[in-house]
Amino acid sequence: LLAAGAWALDITTCGVIVPPGDEGVLLNDLDCAGATTGVTLERQASLKLNGHTISHARGEGGIHCTERRCTVIGPGAVADCSSVDGAFLEQGVRMVVGGLTVDRCRNGINSAFDPDGTPHTRVLATDLALRVNTADGALIGRFVGRGIAVSGNSASGITATRRLVADNLVAINNPTAGVVSSRVKKISGQDSLAIHKAVLKLRKENAHQFEINLPLLKRLLIT
């Protein structure tokens with residue numbers, strides 16, 4: 001159900017702007033042919049992917065969130081937009097996302113930086129996969145997620161400059177670091193002791209990153 005006053009907007013082509021508070025619904029795959037942004041979400045707008053893929057986007061990326069808050073509902077994907085980001089969040093945007101896969105873009109999810117030189121964006125995610133992107137899987141301010149897979153990105157899996165809280169996060173083959181965050185307190189789950197000791201050591205030395213690059217699935221909880 002949509003909130004009172006909201007409309008469902010059928011989307012069949014790239015470059016659509018979903019107005020504030022409304023919901024866009026993909027009716028088919030979108031191949032943007034390298035010409036335009038996939039879908040733009042204005043303040044408190046949402047996008048339902050319906051199992052479809054946005055590919056070859058340019059402009060501001062596959063999904064562009066402009067203000068305050070946006071919501072992306074999967075299952076669905078953004079792919080093959082190698083010169084732009086899978087999703088781009090403007091300053092201060094909070095993104096709620098579930099069931100999204102981003103493959104072979106620049107950053108999987110990227111943020112505009114505030115004047116202080118850091119992103120103040122927030123991402124609340126479930127069942128999110130960020131894979132084989134040419135920079136970071138995600139570069140954001142705060143990240144809270146469950147069921148997260150970041151693999152094969154050319155830099156870091158997730159960089160959360162302010163805080164990261166995650167459960168069931170798998171970070172494999174991200175050469176700079178699996179996860180980079182300035183707020184790491186505790187880890188629990190499978191093989192927690194070895195990982196926990198490593199993180200505590202990094203914190204003691206004022207390092208702000210740790211690598212989870214193990215062949216087995218890990219359960220990660222940072223509070």
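Student: Are C14 and C32 buried or exposed?

Tutor: Let's start with the term: buried means under 20% relative accessible area, exposed over 50%, and partly exposed in between (1.4 Å probe, protein chains only). Here C14 is buried, and C32 is buried too. A word on the source: this is a predicted model, in which local features need pLDDT of at least 70 and side-chain atom pairs count only at pLDDT 80 or more, while totals for chains, interfaces and linings use all residues. Residues are numbered from 1 along each chain as its sequence is written, and side-chain values use heavy atoms, with hydrogens and water left out.

Student: How many disulfides does a search of the whole structure find?

Tutor: A disulfide is a pair of cysteine sulfur atoms within 2.5 Å. By that rule, the search of the whole structure gives 3 disulfides. Counting bonded cysteines along the chain, their pattern is 1-2, 3-4, 5-6.

Student: Why is the disulfide of C65 and C70 right-handed?

Tutor: Look at the torsion about the S-S bond of C65 and C70: it is about 85°, so the disulfide is right-handed. The sulfur atoms of C65 and C70 are 2.1 Å apart. C65 has a relative accessible area of 0% and is buried; C70, at 1%, counts as buried.

Student: And where do C81 and C105 lie?

Tutor: C81 and C105 form a disulfide with sulfur atoms 2.2 Å apart. C81 is in the loop between β9 and β10 (87–89) and C105 in the loop between β11 (94–103) and β12 (109–111), so the pair ties together parts that are 24 residues apart in sequence.

Student: How many bridges join β6 to strand β9?

Tutor: Two strands pair if DSSP finds at least two bridges between them. β6 and β9 (residues 69–79) run parallel, joined by 4 bridges. Within β9, I73 is the bridge partner of K48. Strand β3 (residues 23–26) also runs parallel to β6 (residues 45–48), with 3 bridges, and E23 stands opposite S46 in β6.

Terms used:
Helix = DSSP H or I, 4+ residues; strand = E, 2+ residues; numbered from the N terminus.
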